[in-house]
Amino acid sequence: MSENTHDKLPIRMLHDRVLVRTDAQEGERRSGGGILIPATAAVGRRLAWAEVVAVGQNVRTVETGDRVLYDPEDRAEVEVRGVAYVLMRERDLHAVAADRFGGSEDSTGLYL
């Protein structure tokens with residue numbers, strides 16, 4: 001499937017719901033120091049990043065295309081056209097990283 005498969009989803013979100021596509025974090029990963037961490041390594045409670053692909057009419061702080069931080073344990077998965085997405089309420093998001101928050105030199109790009 002193409003990278004923009006989610007651009008024209010046959011779905012409309014309601015109320016304060018947000019639909020996101022998770023970043024692929026399966027398998028091995030590397031630490032900041034370059035150490036290889038196997039997929040079987042136990043990690044504590046870890047938040048995850050995802051891209052917003054659809055929002056309901058009452059969502060105020062995120063827009064389609066934003067990257068959001070959420071808790072993967074508090075999620076409901078749904079499959080649309082063979083692609084897995086995560087459905088959640090806006091209040092379940094922990095942070096938003098978007099280009100529109102840039103502009104000042106000391107900005108982190110996160111809306112907390």
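Leaving aside its neighbours within four places in sequence, with which residues is Leu69 in contact? The legends below take up this and other views.

**View 1. Leu69 and its surroundings in a predicted model.** Leu69, which lies in strand β5 (residues 67–70), is in contact (heavy atoms within 4.5 Å) with Leu47, Ala48, Trp49, Leu93, His94 and Ala95. Strands here are DSSP runs of E with at least two residues, numbered from the N terminus. With a relative accessibility of 16%, Leu69 counts as buried, a word that stands for under 20% relative accessible area, while exposed stands for over 50% and partly exposed for the range in between (1.4 Å probe, protein chains only).

This is a predicted model in which local features need pLDDT of at least 70 and side-chain atom pairs count only at pLDDT 80 or more, whereas totals for chains, interfaces and linings use all residues. Residues are numbered from 1 along each chain as its sequence is written, and side-chain values use heavy atoms, with hydrogens and water left out.

**View 2. Salt bridges around Asp16.** A salt bridge (a side-chain nitrogen of Lys or Arg within 4 Å of a carboxyl oxygen of Asp or Glu) joins Arg17 and Asp16 at 2.7 Å, N to O, and another joins Asp16 and Arg89 at 3.7 Å. Because Asp16 lies in the segment before β1 (17–22) and Arg89 in strand β7 (residues 83–89), this second pair ties together parts that are 73 residues apart in sequence. Asp16 is buried at 19%, whereas Arg89 is partly exposed at 30%.

**View 3. Glu51 and Arg21.** The side chains of Glu51 and Arg21 form a salt bridge of 2.7 Å, N to O.

Terms used: Helix = DSSP H or I, 4+ residues; strand = E, 2+ residues; numbered from the N terminus.
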